[in-house]
Structures are given as structure tokens and as C-alpha cells.
Amino acid sequence: MSNKLDFSTILASSVHDMKNSIGMMLFSIDEMLAAEPENKERLGQLHYDVLRVNNYLIQLMVLYKMDMEAYMFNVTEHEIYDFLLEQVARNQSIISSKGIETEIDADDMIIGYFDSSLIGGLVNNIVTNAVRYTDKKLRLSSYEEDGYVVIRIEDDGRGYPEQMLGDVSRFEWGVDFVSGSTGFGLYFSSQVAQAHENDGKTGFVRLENGGALGGGVFSLYLP
Amino acid sequence: MAESYSRLKFIVVDDFPQFRHAVKNMLESFGATDIDLAARGEDALRMMRNHQYDVILCDYNLGTGKNGQQVLEEASYYRLLSQSTSFMMLTAETSSEMVLGALEYQPDDYLTKPFNKEMLKARLDKVLRRSQEFMPVTLAWDRGHHDDALAQCEGLLERKTKYKLHCFKLKAELLMEMKAYPRAEKIYEQVLKARKQSWALMGIGKACFYQENYPRAREAFDALLSMNRSFVAAYDWLARVDEAEGNIESAFDHVKSATRLSPRVIDRQAWLGRLSTESGDVQTAVNAFRTAVRLSKNSSLKRPENYVELASALLQAGNSDADSSNKTSMVKEALQTMVDTRRLFNERPEIKVKTFLVDGDAYLSIGNKDDAKRALERAVELYETVEEEILDKDDGSKLISGLEQTGQLHLVSRVNNVLDGKRPEDEPVDEGADSEANEAGVSLYQQGKLEEALEAFDKAMELSPNSLAVHLNAAQANLKFIEVNGATKERMDKVRRLLAYIKRTLLKDTSNQRFDKLLRIFESLYNKG
């Protein structure tokens, strides 16, 4: 027998270990925020960066597993309203520290079918980014269209660059594109959306500008 | 919601002390006051035996002992969870798939680490809201009133609950428990028409299996595997279908696949061992039973059969091995395994009979007739003390053929007497006499020192979690305590759990007079309260 560990084991165990530390960092930041409100801007930035590291780790792990065909999909039903509420809750510290107004607009009865850790990672990543680029407002909404459940994340920032608009799956992903968190995050989103299939339909992601708040509009279509 | 948190009993299980306390702080900030902490799965299970928790937050990775999934499985197996208990598994991305693969025992929800206070609150609120909505169903279910629980589900559907699918799922599970398989199958089918869901496929497979519609069952389990080839339970069920159809080869292959994916399940290793024996693969059998026995070392799910089967497999492997030194070492291991078994199950003569039978075979196989004779004589003595209801008649036949081989014909009539229901004396078996704590409990109970007796029995249960006698004693002492001091919810729940355990432990179709009597007392108290 070889005494070398395979790479997926190394990746899995080190990601697991790092995430314990990240969890403690996030918890400490929350405590510091409560104790020293005067530092809320700097702590908010710190919180944002820790979340980014966390999101990167998750995406790295998931993409690696999907590539190895080792990811175990678990599609279950979710009440979208609760799900969106949770994604906002995940980013609460930075949202409060930046004084951003959030709005959730989804009918109580909308049910989505998806792998919650994948879609949770995806939405969370977009929300973390939106919080960074928005001015004052953030809107999460959901509706049903044409056999899809759509999850929208809108902000009132400057919007997405012109060349990114439209259906994300048609992008040609190169090293230049995926460098930088937006590109990598979009690549992840697109892969995860496409992994969701039902009744001959496949999930996808669209980017637009404008929308209810006049900034970037990220729409995830889930079959 | 703060008010409702203050009424709930929580337990947080995590091996990381800072994390445990962080979660405790979060829960306290929501208004919770009753929060227990445990570092290891074993501790958590012990605490669950003594308290009824409303919410269990359990990490998946618990270090060296049991993992979160094993805690959930064992707690479900021993009925430590009521239907209304919310079990939330805390996972890292890297472990969620292991939890998912289990399919049969699913937590009520998962929460991925890291999470903050707001997320935990959002998720707990959600789980508690749902649990609140289904309270009438789960209460009826816990009391065994299945029809009432079904009617409550219907009511929820009529009122257009937003948890429609969950309601279907519970309904189907209730029907499965009631053995109303065709009705359960219809519900699963209806769900599947709308969308391919793993739990519904699993359900339809099981419902078809119990109706002996094996082709359809196979189709459902195959479909599950095409969704995801890591669904361990699908392999297990395919193997059961194979066995039912008499296809041992294929069953062997399916259990092998399941074991590769999830090797740490004791019952599955034992199953693999039995199938290997049937397929004539003695080496795999030895390895599988060895693993089963090794895994059960830190589990309360110790099954004496596995020890005995390990020893039998070792003897078989030894007999077919041309190398005599290999044979000697396997016979030695078999004999040692039987010594261990007698130590572990000292209060169970029906098991000890089997161990001495193996000893007899072992000694005979190496030509040591004197020790074989001694072992068989011991087996006969013990066979005479086995209670009628649990007597294994096969052991009687094995004993007779063993005695014939050794020429101890004078003992054959004693075995025949036992088989004919004639006992030398009608004395009750000395149950659990080896347990000091149990003896202390009995003596305290007789002196009327109930509280101290209860403590002693709790300790005895901790020391020998498999002992039926200790559980019966504890149930009796608790009922006495209720008679004297009045009923509390906690105490009644405890008795309910003890009785549920006893019921599970008793073999099917056998009755135990003492249990029946305790159950009657409990039910009369329950109906009063």
C-alpha cells in the first residue's frame, strides 16, 4: 500500500480544519462588533474578508468534487422565503455595519427544489458580493416563471460590466476571466445552476442591469 | 419567539469546546435557558437516556468516538427521540454526503458550519415552526395512535399547510408503520409523479418490497442509484430483494458495495459475514465478523451472535486451511473470542450455551477430546437454565450430535428433557447478578430507598446498556416512584423510553410476564395523567 494520501483527502481534511477556524473568527468578530460598536466599519471589512475566504474554500471544494464526479447531490424541497431570509442572516454583521437596507419579496408558498448547500453557497456568494458593491439597498426576491423558480438578487450599485450581461453559461471561461472573485463566483454559479435538472430543463444564470433598484440584477433560474 | 425558546430543552454536542460554548451563548441570546453540553457522542446518548430533549444540535465530526450520524441512528434505534424532537445536524461541506448516504435515518435539518447567530436563529425558528405545526400529528404518533395521527395529517392538508410534501411524507411513514403498504405506495407514487425525490423512491421501494413485488422494488432502488451511486441504503435494500428472490450471489455483491461505501456499520458487516459464509467465502466471512466485533467494542449495540459467528467462521477457515500453523492460530482466536463473549454476556445462559458449543467443535477439530467433553457438559448445564421463551431448539440438536461424537451419551437425555419442556428445577434465572450496581439497586428498592435505588439502576444501565434485567428493574423502580411521588412528564417519558427499549430487546412473538405487568401499570398511570 502507498503511504501517500490522495489529494481529495488532503483537500477535504484541510478545508474542514480551516473552516473550524473561520467559524471561530466569525464568531469573535460578532462578539467584537457587539462590544466595540465604534469599530464597526473596520470589523465589517474584516468580516467581509473572512466570509470571502470561507466562500472560496467552499467553492473550491465543490468544484473539485464536481469535476471528480464525487459530489453527492441532495435535491430537496425548500421554502424560498425562509431560504432567502437565511442568506441575509448569514451576512447580517456586514449588512448592519454598512447600514444597508434589505428587502425580501417572495410569496410564502413558493417552494424550490435544489441542493441547499450548493445553492446556499451560490446565493451567499452573490449576496456577499452585492453587499460590497451596493450603495444602500439590497433586494432578494423570488417568483415562478415558465416552469422555473427564479431567485433574484438586486442592488443599487453601478451594475455589472456590459460584456457580462446575459446568459452566463455562454461565457468562455479563461484564466483572465475567473481571476477575481466576481468571475470565479460566476463560474461557480453557472456550474451549480447547470447541475440542477428536472423534466428536461436545466438551471441557468442571467445577469442584467436595472431592475427594481437600478443596479446589478443576478437571476438564478431553477427548474 | 424568545418565550418559546425558554420552554425548550436543548443539548449541544460538539467535540470543540469553544464551539460548544459559542452555540450555547447564541441559544441563550434567543431566550433559551435549559441547555446541556456534551463533547462526545457517547456522553450525548447517555444524557438522552435520562432526559427528553426538544432540540438536539449535534456536530457530525465528533473526533475519535461515534460520529453524529451514529448518534442519530443509535438514538433512533433505542427510541430516545420522540417524534417531536428536532435533531439538527451540524456539518461541514465535506461531511454532509456521508450523512445523506444514510437515507434511512435523516436528521430534521442540517446546518453547515460556519454559521452565525442570525443564521442559527433563522433555521431554528423554521424547524420549530414546522415542528409546532405538526405537533398534533407527532403527539398522537408518539402515543401509538396512528389513525388519529393520520387524521391530523388530513386536517393539515385540508387547511392547505405550506408543508404539503412533509405532510405526505409523514402520512406515508405512518402507513408504513401500520403495515398499510398499498396505501403508502399510492402516496409515494403521487409524490413521484410531480418530482423525482429520493425519499419517495426509497419509500416506494420499501412498500413494494413488503408487498413482495420484488421487480418493482428493484426498479425503485436502481432508480435511486442512478440518481446517486452513493446511496448506501439502496444497495442494502437491493440485497434484501436478492435474498428474498434467493439470489445469494447478487446479495453478496450488493452488500459488498454498501460495505465499501460505509464500512463502519456493525449490522452490515455481520450481514456481509453471513452472506460470505453462505457463498463459501470463509476468508471474507472471517474479516467481516472480525470488523463487526471490533466496531461493537465502543458501541452499546453488542450482538452476541456476531461473536459466535466469528468463531464459527474461524473454525471453518481453519479446517479448510492446509497450513496447520494457520489452523492452530485460528482455533486459538475462536476460543479466545468465546471467552470474551462469556465475559460480556455473562448473564445470558442462552448465549453461553452457544459459546460452549463452539468450544466443543474447536477442541474436537484439534483432537482434544477431553476439553471438548468438558465444554459440552457445561453447555448442557447451561441449556437447562435457559428460559423457555428464548430456547433455541437448534442448539439442542447440535448438543446431541456433539455428545454423540464425544460419547457422552448419558447427557443426551437431559438435553431431550429440556427440548420436551421438562426442567430440573423451576428456579428463575439469576439475571444480571454480576452487576454490583444492579444488586445494590435491588437491595435499596427492597428497603424502600427509591431515590437511591433509581440512581443505582441508572449506573447499572450505564455499565451494562444491554441488560434486559437492569432495564426491567429500572422501569419497575421508576413506576414505584411515580406511584409514591406522583407523575412528572420527565419521569413518565423516562419510563416510556425504558419500556420501549425492553420491548425492542424482547424477541418477537415472545412474551415476558414482568414486562407485560409493568406495561399495564404504565398505561394505567398514563391514562390517569
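Modeller: Helices (H or I, at least four residues) and strands (E, at least two residues) are DSSP runs, numbered from the N terminus. This is a predicted model, in which local features need pLDDT of at least 70 and side-chain atom pairs count only at pLDDT 80 or more, while totals for chains, interfaces and linings use all residues. Residues are numbered from 1 along each chain as its sequence is written, and chains are lettered from A and ligands numbered from 1 in the order in which they are written.

Chain B has 27 helices and five strands. An open sheet of five strands in chain B has the order E2-E1-E3-E4-E5, with parallel pairing, where two strands pair if DSSP finds at least two bridges between them. Strand E2 (34–38) and strand E5 (109–112) of chain B are the edge strands, each pairing on one side only. On average, and with direction ignored, neighbouring strands of this sheet are turned by 20 degrees against each other; axes are lines fitted to C-alpha atoms, for helices over the stretch in contact, and angles run from 0 to 180 degrees between N-to-C directions.

Within the sheet, strand E3 (residues 55–59) and strand E4 (residues 86–91) of chain B run parallel and are joined by five bridges, with B:Leu57 standing opposite B:Met88 in E4(B). Helix H4 (residues 68–77) of chain B packs on the sheet, where the helix touches strand E1 (9–13), E3 and E4 of chain B, and its direction makes about 145 degrees with that of E3(B); residues are in contact if their C-beta atoms, placed from the backbone, lie within 7 Å.

Note on methods:
Two residues are in contact if their C-beta atoms, placed from the backbone, lie within 7 Å.
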